[in-house]
Amino acid sequence: MQKAVIRGNLVLDYAGNEALNTICSNLTFSGKNVRKIVVTSCEPNDGKSFVSIQTVVNMARRGKRVLLMDADLRLSVLNAHYDIQLSGPGFGLAHLLSGQCTVDDVLYETNIQNVYYIPIGTDVQAPLSLIATPDFDHLVKVLGESFDMVIIDAPPVGLVIDAAEIAKSCDGVMLVLEYNKTHRRALQAAKEQMEVTGTPILGCVLNKVTMDRLSTKKYYSYGGHYGRYGKYGKYGRYGRYERYERSADKKETDAGRESR
Ligand SMILES: Nc1ncnc2c1ncn2[C@@H]1O[C@H](COP(=O)(O)OP(=O)(O)OP(=O)(O)O)[C@@H](O)[C@H]1O
Ligand SMILES: [Mg+2]
């Protein structure tokens, strides 16, 4: 097994901690067979990676052996955003699924007790050819048997089909919504796409909520939402998602924008 050091700041404030505790408690009570969970959202930047890594860390603190798999093979920023340093040649999911290395080469034990990590290794132009395969399905199955929980950080379901393909190998879906941004119609579409996979949506995380706004304004939620995060400020980095948009169904994307 390889080693990884996560240097990024994972410390949450009180409200964030409480929200993560709620999410993880609810996940714990989702059932003993719910171990492989894909995290996705309608659009980019809603906070999938943030929720994924924080969920993993919180679960690990509860004594669970948890694996974070980065399956955003088109545009992962986990390593850079959380300053994750990998030992060895830096193999990841893309290398494994394309037959260039073994599971042992891509499985990293991190400096956080009980937290294990599989990075993407390298960006891939056609990730579906790696993900929508029996090899991927088998891998997730085996990992689900080796860890108490496997959290898979996926691309947004509204733009590319990857998350739905990943969901087919999982026990449940966690949908991240961005407060005041995720549109009801986009959410409905994401829900329908996930229902086609047959994998249940365990719940939604309403992310980037400013608590004082939440208390004075109306908001909607969908499903059994796990918790809320106090988030302070907005992020608008859509420019960097052009690769998603190129590979996505352009019509869908445009329709999504018009509906907002
Ligand atoms: N609850 C939160 N509180 C504070 N910052 C947050 C929160 N959620 C997300 N962020 C920040 O918002 C930005 C986008 O988050 P993140 O990268 O997790 O989104 P994503 O949905 O994984 O994006 P992508 O679609 O690119 O994979 C990051 O800078 C992250 O640190
Ligand atoms: Mg992400």
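H2 is followed by glycine 63, whose phi is positive, near 90°. The model is predicted: local features need pLDDT of at least 70, side-chain atom pairs count only at pLDDT 80 or more, and totals for chains, interfaces and linings use all residues. Residues are numbered from 1 along each chain as its sequence is written, and side-chain values use heavy atoms, with hydrogens and water left out.

**Exercise 1.** Compare the span of helix H2 with its expected span, then state how H2 is placed in the structure.

Step 1. Helices (H or I, at least four residues) and strands (E, at least two) are DSSP runs, numbered from the N terminus. H2 covers residues 48–61, which is 14 residues.

Step 2. The expected span is 1.5 Å times one less than the number of residues. For H2 the expected value is 20 Å, and the distance from its first C-alpha to its last is close to that, at 20 Å.

Step 3. Buried means under 20% relative accessible area, exposed over 50%, and partly exposed in between (1.4 Å probe, protein chains only). Twelve of the 14 residues of H2 are buried, so H2 is largely enclosed by the rest of the structure. Among them are Lys48, Val51, Ile53, Gln54 and Met59.

**Exercise 2.** Which residues of H7 are buried, and how are they arranged around the helix axis?

Step 1. The end C-alpha atoms of H7 (residues 134–146) are 18 Å apart, which agrees with the 18 Å that its 13 residues should span at 1.5 Å a residue.

Step 2. The buried residues are Phe136, Leu139, Val140, Leu143 and Gly144. Viewed down the axis, they fall within an arc of 130°, so they line one face of H7. The arc is taken from the directions from the helix axis to the C-beta atoms.

Step 3. Pro134, Asp135, His138 and Glu145 are exposed, on the face turned away from the buried side of H7.

**Exercise 3.** Describe the surroundings of strand E7 and its pairing with E2 and E3.

Step 1. Five of the five residues of E7 (residues 149–153) are buried, so E7 is largely enclosed by the rest of the structure. Met149, Ile151 and Asp153 cover one side, with Val150 and Ile152 on the other.

Step 2. Strands pair if DSSP finds at least two bridges between them. E2 (residues 36–41) runs parallel to E7, joined by four bridges; E3 (residues 66–70) is also parallel to E7, with five bridges.

Step 3. Isoleucine 151 in E7 stands opposite isoleucine 37 and opposite leucine 68.

How values were computed: Chains lettered and ligands numbered in written order.
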